[in-house]
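Open your viewer and keep the selection tool ready. We will go stop by stop.

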Amino acid sequence: MAPPKSRTFTTPSIWTRYHRDEQQHLFDDSACPVRKFTMSYMRFRVPVSSTKDKADYSPKKGLFSGIQMAVDKSIVERKYSSKNMQSKKNESFHWIERTIDVSKDDDRIAKGKMGIFTSSVVWEKTANVLLECLKAPDETHRMIVSIPRASVAGLLQLADIINWYNDQKLGGWVNIHAEVDEMMPVPTILLEATSTSSSKTSVDITSQVVSSTNQLSKDQVIQGTQSWVKRVLVQLGICPFTKSVTKSGQGLGDMGVPVGRIAYHCSHTKINEIPILMADTWKAILEMIEKGPSGKDGISSILLSAPEYDHDFPLWAGPIFAMLEANVSAASAEPLIGIVCFHPQYKTPNGKSWPGFGQMHSLPRLRKWLQEENEILSSSFKDEDVAAGGAYQRRTPFATINVLRAEQLEAAEGRRSTSSLYAKNIQVLHEYGYNRLQQEIEQEGI
């Protein structure tokens with residue numbers, strides 16, 4: 001595995017400059033009231049390979065299958081335990097077989113499930129190699145991970161996402177490099193973490209951001225999130241398909257969508273340890289898919305809060321959601337899940353730039369919907385009122401990743417009128433009071 005190129009970080013990247021400018025705007029809104037609730041979104045594209053494969057996701061049984069698996073494993077082990085490897089001290093090999101059941105699924109769903117399993121494994125190991133490097137920064141740390149019956153194309157795209165993250169200089173003084181060994185008989189990815197030689201003088205944008213956790217426990221974070229769900233989604237009726245703090249999907253049963261549990265998670269990963277956040281997210285998604293949508297343990301949706309990111313909305317809505325969206329595609333998981341962006345500093349896209357990730361709607365679109373649904377009300381609302389009504393539908397006590405089942409999203413879109421729902425929500429939130437909403441969000445986030 002070729003070592004990653006050395007990066008000194010002495011020249012700010014495009015992301016660094018954008019981040020610096022947007023962070024300044026977040027705290028300098030006095031000149032233009034509308035800017036309190038709107039912003040321009042820079043589009044972050046994660047370039048991934050377009051390779052296609054014909055992976056077989058069906059379970060293999062019988063003596064021959066077991067023998068072939070053992071032969072394949074020995075081939076990989078021989079290569080990565082040979083004397084050609086430079087170092088063994090901080091190097092480990094992992095053979096991880098699928099644990100998720102796809103025996104009753106068609107190829108499309110099976111591929112998505114396997115992609116989610118693969119994503120969970122790869123990000124877990126990427127997080128592990130990052131943590132090892134943080135503990136021993138003067139050494140190079142490597143992991144070789146083989147995942148039988150994974151998609152090579154999906155694995156290549158996962159490697160592209162990891163390398164893109166590294167190229168954006170988001171990891172402080174740790175470089176992470178990923179490479180797929182396409183010569184192996186089973187899909188195999190190599191992960192490597194090293195510290196930069198100029199860690200003391202490098203530009204680390206994350207050091208400019210204030211920590212937001214105040215040592216909150218996992219239970220306190222989840223309680224704050226649940227308080228917001230009860231107050232905004234349930235009591236104010238902002239989400240018509242969430243009728244309680246514990247379950248969602250109500251009112252969609254006749255469309256084949258069962259009521260399921262809301263799974264609350266908390267990730268205390270630091271702001272320059274995004275691979276750990278990704279590992280926590282894909283672990284939660286894998287659990288949701290494994291447990292199914294119904295029954296005692298069935299999960300309808302996920303709310304994963306990450307308090308360390310509370311003061312950095314440009315990072316949250318930019319690179320992090322770019323990686324999540326790219327990963328959903330790499331995993332071929334579109335038939336299974338969709339992701340939505342929430343944040344304490346959420347701002348409505350101003351309509352002059354790319355509209356953003358995670359089901360975001362721009363100010364012009366919200367104004368159009370309000371005009372169509374209630375022309376008199378729309379004429380009495382300033383742009384600031386409309387933008388605020390859009391923003392407070394997505395402002396939560398903590399930076400939050402919402403994962404929904406694709407069938408629930410599809411059914412909800414079919415059942416509701418998006419324009420009338422958003423218009424109604426803007427009116428409800430305006431009558432409730434934006435200052436009151438802000439105060440309650442801040443109290444829930446303490």
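In what sense do strand 2 and strand 3 pair, and over how many bridges? They pair in the parallel sense, over 5 bridges. Two strands count as paired if DSSP finds at least two bridges between them.

Before going on, note that this is a predicted model, where local features need pLDDT of at least 70, side-chain atom pairs count only at pLDDT 80 or more, and totals for chains, interfaces and linings use all residues. Residues are numbered from 1 along each chain as its sequence is written, and side-chain values use heavy atoms, leaving out hydrogens and water.

**Stop 1: the sheet.** Select residues 141–146 to see strand 3. Show Phe-93 and look across: Ile-144 in strand 3 stands opposite.

Stop 2: Axes are lines fitted to C-alpha atoms, for helices over the stretch in contact, and angles run from 0 to 180 degrees between N-to-C directions. Contact means heavy atoms within 4.5 Å.

**Stop 3: two packed helices.** Select 363–373 (helix 8) and 383–391 (helix 10). Their axes are 9 Å apart, at an angle of about 100 degrees. Helix 8 and helix 10 are therefore roughly perpendicular to each other (a term for angles of 65 to 115 degrees). Show the side of helix 8 that makes the contact: Leu-363, Leu-366, Arg-367 and Leu-370. From helix 10 come Asp-383, Val-386, Ala-387 and Gly-390.

**Stop 4: Glu-440.** Find Glu-440 in helix 13 (residues 434–444). Is Glu-440 buried or exposed? Glu-440 counts as buried because its relative accessibility is 15%. Buried means under 20% relative accessible area, with a 1.4 Å probe and protein chains only. Next, show Arg-231 and Tyr-432: Glu-440 is in contact with both, leaving aside neighbours within four places in sequence.

**Last stop: the whole protein.** Clear your selection. The protein has 13 helices and 11 strands. These are DSSP runs numbered from the N terminus: helices are H or I, at least four residues, and strands are E, at least two. Of the 446 residues, 57% are buried.

Conventions
Buried < 20%, exposed > 50% of the residue type's maximum accessible area, 1.4 Å probe, protein only. Parallel < 35°, antiparallel > 145°, perpendicular 65-115°, else oblique.
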